Amino acid sequence: MDEMREAERAEKTAIDPRDWARWFVMRAYKCEGKAEERLSGDGGLDYFIPKHYALRSYHGVKSRRLVPVIPSLVFVRASRRQLINFKKDNNFLQYVMNNTSGGSECLVVPDDQMSNFIKVASQLEENLTYFKPDEIDIKKGTRVRIHGGAFDGVEGVFMRTEGVRDRRLVVLLEGVMAISAKVRPDLVEVLK
């Protein structure tokens with residue numbers, strides 16, 4: 001009898017997986033600005049849109065503007081319930097799905113990968129290069145942690161990338177994208 005009560009109590013106190021906050025990969029087709037405005041405004045959800053400076057021409061005038069790296073890509077950190085409630089009023093935001101052997105499921109990025117990615121991608125003035133996941137083979141590199149500088153605490157892979165002479169730090173978001181940045185070799189600690 002006591003075992004049943006303990007099991008019931010454990011069920012009641014257990015956190016429902018739908019209430020776990022995770023980084024969902026989402027699309028906001030041709031409305032990243034609207035997504036950014038709504039997520040930071042009434043939504044109050046954590047989000048990240050990777051951006052870089054690019055030359056754009058508006059009405060014949062060229063200027064350097066901050067634009068999304070991949071159009072329509074938005075990372076949102078929330079629980080599934082929070083996202084469902086948010087999407088009731090904001091149906092322009094769509095889940096990116098991943099086909100698995102068990103069917104389709106929402107593409108989710110682990111917190112540690114996302115925090116490393118955000119730390120690197122937020123350095124807008126650095127010479128960053130973005131890759132599709134199939135463009136880079138991480139197995140050729142060495143797992144490292146950076147100590148000091150703009151990328152302090154970031155873990156990734158130290159390796160050569162195409163078109164660059166020296167080795168660079170690469171941070172991968174599995175199934176989504178990778179980013180590489182130049183780091184000084186004296187800041188690199190090799191992980192085992």
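A residue counts as exposed when its relative accessible area is over 50%, as buried when that area is under 20%, and as partly exposed in between. These classes are applied here to a predicted model. The chain averages a pLDDT of 85, and 90% of the residues score at least 70.

**Confidence**

- Within the chain, helix H1 (residues 2-13) has the lowest confidence, with a mean of 51.
- Where pLDDT is low, the predicted coordinates should not be read in detail.
- Confidence is highest in H4, at 94.

**Helix H4 (111-121)**

- The buried residues of H4 are Gln113, Met114, Asn116, Phe117, Val120 and Ala121.
- They cover an arc of only 165 degrees around the axis, so they are on the same side of H4.
- Gln113 and Asn116, both buried in H4, also belong to the lining of the largest pocket.

**Largest pocket**

- The volume of the largest pocket is about 200 Å³.
- Rolling a probe the size of a water molecule over the atoms shows where empty space is left.
- Its lining is made up of Asp112, Gln113, Asn116, Ile138, Arg143, Glu155, Gly156, Val157, Val170, Val171, Leu172 and Glu174.
- At least two lining residues come from each of helix H4 (111-121), strand S12 (155-160) and strand S13 (167-173).
- Sorted by class, the lining of the largest pocket has five nonpolar, three polar and four charged residues.

**Loop residues with positive phi**

- Most residues other than glycine have a negative phi.
- His59 has a phi near 55 degrees, a positive value in a residue other than glycine.
- His59 is located in the loop between strand S3 (51-58) and S4.
- With a relative accessible area of 84%, His59 is exposed.
- Ser72 likewise has a positive phi, near 75 degrees, and is a residue other than glycine.
- Ser72 belongs to the loop between strand S4 (61-68) and strand S5 (73-78).
- Ser72 is buried because its relative accessibility is 7%, under the 20% cut-off.
- A polar contact of 3.3 Å joins the side chain of Ser72 to the side chain of Arg27.

- Ser180 is part of strand S14 (residues 177-181).
- Its relative accessibility is 0%, so Ser180 counts as buried.
- The side chain of Ser180 makes a polar contact with the side chain of Arg168, at 3.2 Å.
- Val164 is placed in the loop between S12 and S13.
- Val164 has a relative accessible area of 26% and is therefore partly exposed.
- Val164 and Lys182 are 18 residues apart along the chain, and their C-alpha atoms are separated by 9.7 Å.

Technical notes: Residues numbered from 1 in each chain as written. Predicted model: local features only at pLDDT ≥ 70, side-chain atom pairs only at ≥ 80, totals over all residues. Heavy atoms only, no water. 1 Å grid on protein atoms, 1.4 Å probe; cavity = no way out; pocket = protein on both sides within 12 Å on 5 of 7 lines; lining within 4 Å. Points joined across faces, edges and corners; volume = space filled by probe spheres on them. Helix = DSSP H or I, 4+ residues; strand = E, 2+ residues; numbered from the N terminus. Nonpolar A, V, L, I, M, F, W, Y, C, P; charged D, E, K, R; others polar. pLDDT = per-residue confidence, 0-100. Buried < 20%, exposed > 50% of the residue type's maximum accessible area, 1.4 Å probe, protein only. Arc of directions from axis to C-beta. Polar contact = N/O pair within 3.5 Å; in protein donor to acceptor, adjacent residues only side chain to side chain.
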